[in-house]
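Hi,

Here is the structure I said I would pass on.

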Amino acid sequence: MIDKTATSTARQIVTSPIIVALDNLTVEGVLALADKLDPALCRLKVGKELFTRAGPSIVQALQQRGFDVFLDLKFHDIPNTTAQAVLAAADLGVWMVNVHASAGSAAMSLAKQKLVTGHYDTLLIAVTVLTSMSQEVLPQIGVNDPLDVQVSRLAQLTQQSGLDGVVCSAQEAKVLKALCGADFKLVTPGIRMLEDSADDQHRICTPAQALQDGSDYLVIGRSITQAVDPAAKLQKILQSI
Ligand SMILES: O=c1ccn([C@@H]2O[C@H](COP(=O)(O)O)[C@@H](O)[C@H]2O)c(=O)[nH]1
């Protein structure tokens, strides 16, 4: 087991709300990009693609460069498996980890309880409705309510389960801040500058609008990682907010 005090006390103050999603890159590309970015200006997100390729050592390599890491593995399983996976993530000293809210309250509560009992400071959040999804596709997964109703329902379930916040679209931020309060973190992917392509995202928003509406953290991947000069693109985004 990793000494969690060694990793958690090393955390630095980051004032930027930007979390850069490290997708569509080789492991070497990720490290080269990390070396061009300033840990005071952004956090980094390790998702399923990168973690499956590189494993826990990539988390450590990014932490050693001074970055807070959001481990975005979106655990969705029975309560015991979900909670143990969250604990394993916390043992890596990550700043934030997530589960799917649709795993249910038992899974979310147990995971949070394990973190509290173990005195971990890792934030635990839950995904509501993926930002790539639109109202039209919800019936495919048996949801016939309006999308914003489903997002609010899962956000409230997440809060009642004791978690620190949710992943949602910035389009839902205003409503969720009013519903869940200022301390409940809203982590919003699907962030695009006006000149950016939406790619596979449906519920998108500009960085400035997202913050104005109550997003706490903006997850930005391809707009930065696929830019000719990623550090310059990050600067441009920061200037826009
Ligand atoms: O609802 C969700 C949950 C997670 N994501 C993740 O965020 C990034 C977004 O990347 P972009 O390149 O800026 O579109 C990606 O890693 C997703 O897995 C999300 O988009 N929506």
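**What I found**

The shell around the ligand divides into seven nonpolar, six polar and three charged residues. Keep in mind while reading that this is a predicted model. In total, 16 residues surround the ligand, and the closest are A21, T131, P189, G221 and R222. Two elements give two or more residues to that shell: β8 (217-220) and α10 (222-225).

Now the overall layout. Eight strands close into a barrel, and the pairing is parallel.

As for the record, UniProt has an unreviewed entry with the annotation "domain: Orotidine 5'-phosphate decarboxylase", covering residues 17-237. In the model, that span is 42% helix and 17% strand, and its end C-alpha atoms lie 11 Å apart.

I also went through two helix pairs.

- α5 and α6: the axes of α5 (residues 79-91) and α6 (residues 105-117) come within 8 Å and cross at roughly 35°. The crossing is right-handed. On the α5 side the contact is made by P79, T82, A83, V86, L87 and A90, and on the α6 side by A106, A107, L110, A111, K114 and L115. By class, that gives 10 nonpolar residues, one polar and one charged.
- α7 and α8: here the axes of α7 (residues 147-160) and α8 (residues 173-180) come within 11 Å, again crossing at roughly 35°. This crossing is right-handed. D148, S152, A155, Q156 and Q159 in α7 meet V175, L176, L179 and C180 in α8. The contact of α7 with α8 has five nonpolar, three polar and one charged residues.

That is what I have for now.

Cheers

How values were computed: Residues numbered from 1 in each chain as written. Predicted model: local features only at pLDDT ≥ 70, side-chain atom pairs only at ≥ 80, totals over all residues. Axes fitted to C-alpha atoms, helices over the stretch in contact; angles between N-to-C directions. Helix = DSSP H or I, 4+ residues; strand = E, 2+ residues; numbered from the N terminus. Left-handed = near helix turned anticlockwise from the far one by under 90°. Contact = placed C-beta atoms within 7 Å. Nonpolar A, V, L, I, M, F, W, Y, C, P; charged D, E, K, R; others polar. Near = placed C-beta within 6 Å. Pairing = 2+ DSSP bridges. UniProt positions renumbered as here; feature names shortened; annotations may be inferred.
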